[in-house]
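Dear colleague,

Please find the structure below, together with a summary of what was computed from it. The summary begins with the pocket and then turns to the cores, the cavities and the overall figures.

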Amino acid sequence: MNKFLSLPLVAFSALLLGSCGFGKGPQGDLVGAEDRPEFNPQEVPFGMVPCPGGTFHMGQTDQDISASMVNMNKQVTIAGFYMDETEITNNEYRQFMNAIRQDSIDVLGEEYVMTELYPDTTVWVRDFTYHMGDPLMEYYYTHPAFDDYPVVGVDWFAAKYFCNWRTKHKNTANEEAGVAGFPNFRLPSEAEWEYAARGGRDLATYPWGGPYLRNSKGCMLANFKPGRGDYASDGYAYTSPVGAFFPNDFGLYDMSGNVAEWCDDAYMEASVPVVWDMNPTNPDDNEPRKVVRGGSWKDIAYFLETGTRNFEYQDSSRSFIGFRTAMIQIGMGTNSRLN
């Protein structure tokens with residue numbers, strides 16, 4: 001064979017061997033970008049619990065007593081995520097407010113901070129007529145006796161701002177430590193919230209399984225209104241400290257009762273047949289009604305059911321609505337129940 005004709009063959013052979021890993025790279029090899037931040041399997045964020053992804057039947061699990069027809073059953077799949085173990089407390093929210101007043105008051109303005117982000121303590125007087133709410137208005141958010149109680153008087157916008165601040169707060173620390181940042185903290189979608197509330201129990205009426213509201217010893221399983229004029233039979237006339245009742249199978253506390261919780265979704269009566277069946281969500285900035293789930297200390301048992309849908313206007317703050325945050329799982333095993 002002519003030696004000049006054999007040169008292309010030699011070059012091709014060298015290229016082939018290099019592509020199979022026999023070359024002496026990394027020069028010319030596809031090795032990925034260098035100097036990437038360190039990332040180990042995603043750690044569970046502080047104060048959160050993992051909710052392994054899976055498939056469940058979203059929707060009502062008992063009679064639709066209001067004949068609303070807004071929550072028919074639909075099988076959907078949810079990717080893995082993390083959720084706060086409890087509702088955000090007064091003291092956790094105070095950390096946020098202290099940081100905002102220290103670092104951002106000049107940018108945001110004191111009026112915005114105090115009227116839009118600071119909890120509206122007057123809700124204890126405004127929400128109920130002929131009710132002596134003045135002591136709670138004065139002490140609920142400010143007194144250390146209520147540090148571990150869920151924050152209330154926070155509208156949907158303030159809850160979203162809290163999520164943005166928490167993301168920046170955590171990732172600033174990660175950057176200083178030279179590790180990869182976390183995904184964003186955010187409000188859970190309505191589907192995520194319902195999936196988490198059931199704790200892996202498909203078609204469960206309540207987070208503990210149901211259908212009863214007391215355990216075998218006769219103890220109440222949530223903080224709610226058991227009967228007409230009866231708010232204290234569960235041990236608390238108003239809210240309770242977070243984590244006062246048993247968690248569900250995911251380890252989440254107060255998914256029913258105590259305070260209802262903001263979700264990220266806009267409320268739409270026809271959302272069940274409209275949204276997709278994989279990680280469904282309904283973001284609509286033009287819809288002022290936002291989904292609220294879980295029922296509260298002043299609600300009857302119907303609103304505590306995992307399948308009951310409700311809403312509140314995004315700029316409204318209430319003495320019975322709080323929130324908790326969520327975060328997507330990234331990396332390996334985001335949809336596996338085995339991780």
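The largest pocket has a volume of about 390 Å³. On a 1 Å grid over the protein atoms alone, a pocket is an open set of points with protein on both sides within 12 Å along at least five of seven lines, and a cavity is a set where a 1.4 Å probe fits but cannot get out; lining residues have an atom within 4 Å of a point. Grid points are joined across faces, edges and corners, and a volume is the space filled by probe spheres set on the points.

This is a predicted model, in which local features need pLDDT of at least 70 and side-chain atom pairs count only at pLDDT 80 or more, while totals for chains, interfaces and linings use all residues. Residues are numbered from 1 along each chain as its sequence is written, and side-chain values use heavy atoms, with hydrogens and water left out.

Seventeen residues line the largest pocket, and Phe 46, Gly 47, Glu 92, Gln 95 and Arg 166 lie nearest its centre. Two elements, α2 (90-103) and α7 (156-177), each give two or more residues to this lining; helices (H or I, at least four residues) and strands (E, at least two) are DSSP runs, numbered from the N terminus. The largest share, five residues, comes from α7.

The largest nonpolar core holds 34 residues, of which Tyr 93, Phe 96, Met 97, Trp 262 and Phe 323 touch the most other members. Such a core is a set of buried Ala, Val, Leu, Ile, Met, Phe, Trp, Tyr and Cys residues joined through side-chain atoms within 4.5 Å, where buried means under 20% relative accessible area with a 1.4 Å probe, protein chains only. Here too α7 supplies the largest share, six residues. Leaving aside neighbours within four places in sequence, Phe 96 is in contact (heavy atoms within 4.5 Å) with Leu 117, Tyr 161, Phe 162 and Trp 165. Another core of 21 residues lies apart from it, with Val 49, Val 76, Met 83 and Tyr 195 among its members.

The whole structure contains four cavities of 30 Å³ or more.

Overall, the protein has nine helices and nine strands, and 45% of its 339 residues count as buried.

Yours sincerely

Note on methods:
Buried < 20%, exposed > 50% of the residue type's maximum accessible area, 1.4 Å probe, protein only.
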